[in-house]
Amino acid sequence: MKNIIPIIAGIVLGIVTWKSSAYSADFGIGPLVWILICAVGGWYTWGKFN
């Protein structure tokens, strides 16, 4: 439960980077994979050390 904030931060970062890109695609498999990668990265970066 303590890792939920880093995961949410990763998801938000993934959505922001996806929507702010000039070459972003419509929502589908590619953006979904990117958001999941950012969620795992948020957990690994910020949640792992708590």
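**Burial.** I began with burial: 22% of the 50 residues in the chain are buried. I count a residue as buried under 20% relative accessible area, as exposed over 50%, and as partly exposed in between (1.4 Å probe, protein chains only).

**Ground rules.** This is a predicted model, so I note that local features need pLDDT of at least 70 and side-chain atom pairs count only at pLDDT 80 or more, while totals for chains, interfaces and linings use all residues. Residues are numbered from 1 along each chain as its sequence is written, and side-chain values use heavy atoms, with hydrogens and water left out.

**Overall build.** I looked up the secondary structure next and found two helices and zero strands. Helices here are DSSP runs of H or I with at least four residues, strands are runs of E with at least two, and both are numbered from the N terminus. The C-alpha trace spans about 35 × 20 × 15 Å along its principal axes. For the accessible surface I got about 3800 Å², with 76% of that belonging to carbon and sulfur atoms; these areas come from the Shrake-Rupley method with a 1.4 Å probe, and for residues only the protein chains shown count as cover.

**Contacts by sequence distance.** I took contacts (heavy atoms within 4.5 Å) between residues at least 6 apart in sequence, and 57% of them join residues at least 24 apart.

**Helix α1.** I checked the length of α1: its 17 residues should span 24 Å at 1.5 Å a residue, and the end C-alpha atoms are 24 Å apart, which agrees. The expected span is 1.5 Å times one less than the number of residues. Which residues of α1 are buried? I found Pro6, Gly10, Gly14 and Trp18. Seen down the axis of α1, they fall within an arc of 105°, so they line one face of the helix. The arc is taken over the directions from the helix axis to the C-beta atoms. On the other side of α1, I noted Ile5, Lys19 and Ser20 as exposed. The cover over the buried residues of α1 includes α2.

**Helix α2.** The 19 residues of α2 (residues 29–47) should span 27 Å, and I read 26 Å between the end C-alpha atoms, which agrees. Its buried residues are Pro31, Ile35, Cys38, Ala39, Gly42 and Gly47. These cover an arc of only 110° around the axis, which puts them on the same side of α2. Ile29, Leu36 and Val40 are exposed on the face turned away from that buried side. I also see that α1 is part of what covers the buried residues of α2.

**Trp34.** Trp34 sits in helix α2 and is partly exposed, at a relative accessible area of 39%. What does Trp34 contact, leaving aside its neighbours within four places in sequence? I listed Gly14, Thr17 and Trp18.

**Ala9.** Ala9 belongs to helix α1 (residues 4–20), and I have it as partly exposed, with a relative accessible area of 32%. Ala9 and Trp46 are 37 residues apart in sequence, yet their C-alpha atoms are 9.2 Å apart in space.
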